[in-house]
Each structure stands twice: as C-alpha cells, then as structure tokens.
Amino acid sequence: MDAITDEPRPAEADERIDFRAEFARSGLADIFDELDRDLVGLAPVKSRLREIAALLLVDRARARFGLGASSPTLHMSFTGNPGTGKTTVALRMAEILHRLGYVRKGHLVTVTRDDLVGQYIGHTAPKTKEILKKAMGGVLFIDEAYYLYRPENERDYGQEAIEILLQVMENQRDDLVVILAGYGDRMERFFTANPGFRSRVAHHIDFPDYSGDELAAIGGRLLDGMGYVMSPEAEAAFARYIELRTAQPHFANGRSIRNALDRARLRQANRLFASEIPVSRDDLITLEAADILASRVFSGGIDSYPPLRPR
C-alpha cells in the first residue's frame with residue numbers, strides 16, 4: 001500500500017473528527033487484518049499496536065487543530081523468546097508508521113551485531129553508518145541487541161556502534177524508528193548498562209510464548225499453506241508432540257513447529273517412497289501418526305537438525 005500523500009486540511013475549531021473513518025481511510029484496518037492472518041494469538045501485542053496506532057491518529061488530529069505538540073518518540077523494544085513473531089510485528093509496525101506519515105518509506109531493515117560492529121579500528125563507524133543510511137525513512141530492527149555491548153572485552157568495538165546509534169536515535173528520530181529486540185532478561189541488563197537506550201525507547205512490548213492450542217493452530221496454518229493435512233490420529237500425535245517439546249530446552253515457538261513439520265514431511269516422503277503399492281492424491285497430502293511419532297521427542301531426545309535420514 002502507498003502512504004497517504006495528501007496532508008490533512010486544517011480543521012475548523014468546531015469541526016469534529018471521526019476516528020473510525022480516519023482509521024479506515026489510513027488503511028490501518030487492512031494492516032491489522034493481515035497481522036491477524038499472519039500470526040496466531042498474541043492478543044496483548046496486537047492490542048498494544050492498536051494503542052500505538054490510536055496515539056498516532058490522535059496526534060495527527062491534534063496537529064490539524066493546530067494543537068502544538070512535539071513529535072512522539074517511537075523507538076521500541078520487543079522482548080520475548082525466539083519464534084514469537086517479533087520480526088513479523090516489526091514489519092507491520094513499519095507499515096503502520098508509513099501509512100500515518102511518520103516514516104517516509106516504511107521499509108524494514110533487520111540486522112544483528114555482525115552487521116554493525118567491525119573487526120578492527122576504523123571498521124565499525126562506516127559499517128554502522130551504512131546500515132543507518134539504508135534504514136533511513138523506515139524502521140531498523142536490531143535482533144539480539146544486547147550483543148552490541150560486551151563489557152568483558154576491553155577491545156570490543158560495539159560501544160562505538162552504540163554511540164552512533166544513540167546519536168541518530170535522538171537527532172534523526174523524525175526519519176528513523178529503531179526497534180531493539182531480544183530475550184527479556186538480557187534486554188533488561190542491556191538497558192541497565194546503557195541508560196541512553198532506555199531513555200530513548202518509549203514503547204516496551206513483551207511477546208508471550210504460545211499456548212499449546214495456539215501452536216497447534218500455527219501448525220495447521222503452516223500445513224494448509226503447504227498443501228498438507230493431518231489425519232485425526234496424526235493430529236492427536238502432534239498435540240502430544242507439542243506437549244513434550246515445549247517442556248524441552250531450546251524450544252523456539254512457531255519456528256520449532258515449522259521445523260517439526262518439515263521433518264514430518266520428510267518422513268512422509270520416505271514412507272511413501274518405500275510403499276510397495278501406488279499412492280493416491282490423498283496419500284500425498286496426508287501426514288499420518290507414524291510421521292509424527294517417529295520424532296526423537298517421543299524417545300526423550302530433542303528433535304533437532306539434521307533431520308532423520310531415510311532408512
């Protein structure tokens with residue numbers, strides 16, 4: 001979608017603004033519909049995004065009445081475990097800001113420490129500035145932002161990147177929104193060690209882990225998108241898989257569910273390939289319980305890559 005290019009005309013003192021109409025006109029309804037289609041659950045996160053959108057709509061309305069106010073601070077922190085939708089929400093946030101005219105382009109640039117911090121003296125500043133140049137007019141998403149700060153290494157160049165970021169976040173906040181992301185406890189330590197970031201971040205959004213039912217729904221959506229279904233027995237086996245896998249370490253929510261289904265598809269393919277009778281269309285699209293129960297999760301191990309080899 002394109003951003004609204006026409007500036008709202010100044011409002012008369014006795015004029016009234018219909019925010020439902022403004023919401024529809026801005027295209028935000030479509031963005032939130034897409035967010036609901038893209039992500040299962042996350043009700044607190046979606047509610048917070050609506051609150052931010054409401055703030056920005058009211059801020060625009062105040063400007064139309066000539067009610068002076070400084071531009072809202074829009075830098076954010078997304079905290080939560082892997083696979084909880086932080087990058088997807090950042091992408092939708094960029095679209096929201098673009099639709100409302102708070103960023104010029106509405107693109108998302110996703111980076112980690114390695115994209116910003118150099119390996120030798122004089123390397124970090126140009127790397128960081130090049131990334132910032134690419135992100136200007138949009139949103140810069142820094143995943144696992146706490147790795148920028150490594151106090152145990154006196155020769156680490158992350159502090160130089162931090163200082164450049166802080167300066168740009170303060171002086172060019174009308175042309176760039178920065179989202180810092182990572183595990184909640186590590187982000188808290190990062191903000192404690194770098195109070196300059198805390199003072200510049202206005203919105204802290206926590207991404208909860210998915211429930212078992214939500215993970216099953218994510219699996220259903222993924223399979224539907226790939227043209228697969230589960231037999232009733234496979235659905236029961238997959239529910240048990242989720243119960244066992246979420247209790248194990250290194251579980252990454254939606255990401256782990258996608259990986260589990262990829263391995264189930266591999267097992268199904270090998271099962272069909274080894275079949276001594278011709279297979280039907282239904283056979284090709286259906287995952288059976290055996291494709292799920294072959295997971296090492298059921299033997300007490302972690303079902304991790306590499307996937308099981310054909311027997």
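Figure 1. The model is predicted. Its protein chain contains 14 helices and seven strands. The C-alpha trace spans about 75 × 55 × 30 Å along its principal axes. Of the 311 residues, 44% count as buried. The chain exposes about 16,600 Å², and carbon and sulfur atoms supply 50% of that area. Among contacts with a separation of 6 or more, 76% come from residues 24 or more positions apart.

**Figure 2. Helix α4, residues 86–99**. This helix has 14 residues and reaches 20 Å from its first C-alpha to its last, close to the 20 Å expected at 1.5 Å a residue. Helix α4 is mostly covered, with 10 of its 14 residues buried. The buried residues include Val89, Met93, Ile96 and Leu97. Lys86, Arg92, His98 and Arg99 are also among them. Just after α4, Gly101 has a positive phi of about 85 degrees.

**Figure 3. The aromatic pair of Phe238 and Tyr241**. Eight aromatic pairs are found in the structure. In one of them, Phe238 and Tyr241 are stacked, at 5.8 Å centre to centre and with 5 degrees between the planes. Phe238 and Tyr241 are three residues apart in helix α11 (residues 232–245), so about one helical turn separates them. Phe238 and Tyr241 are both buried.

**Figure 4. An aromatic cluster.** Three residues, Phe78, Phe141 and Phe207, form one aromatic cluster.

**Figure 5. Glu144, a residue with positive phi**. Most residues other than glycine have a negative phi. Glu144 is not a glycine, and its phi is positive, near 50 degrees. Glu144 is found in the loop between β3 (139–143) and α7 (158–171). Is Glu144 buried or partly exposed? Its relative accessible area is 30%, so Glu144 is partly exposed; buried would mean under 20%.

**Figure 6. Asn253, in the loop between α11 and α12**. Helix α12 covers residues 254–273. Asn253 has a positive phi near 50 degrees and is a residue other than glycine. The relative accessibility of Asn253 is 1%, so Asn253 counts as buried.

Technical notes:
Residues are numbered from 1 along each chain as its sequence is written. This is a predicted model: local features need pLDDT of at least 70, side-chain atom pairs count only at pLDDT 80 or more; totals for chains, interfaces and linings use all residues. Side-chain values use heavy atoms; hydrogens and water are left out. Helices (H or I, at least four residues) and strands (E, at least two) are DSSP runs, numbered from the N terminus. Buried means under 20% relative accessible area, exposed over 50%, partly exposed in between (1.4 Å probe, protein chains only). Contact means heavy atoms within 4.5 Å. Accessible areas come from the Shrake-Rupley method with a 1.4 Å probe; for residues, only the protein chains shown count as cover. The expected span of a helix is 1.5 Å times one less than its number of residues. Rings of Phe, Tyr and Trp (its six-membered ring) pair if their centres lie within 6.5 Å; planes under 30 degrees apart count as stacked, over 60 as edge-to-face and the rest as tilted.
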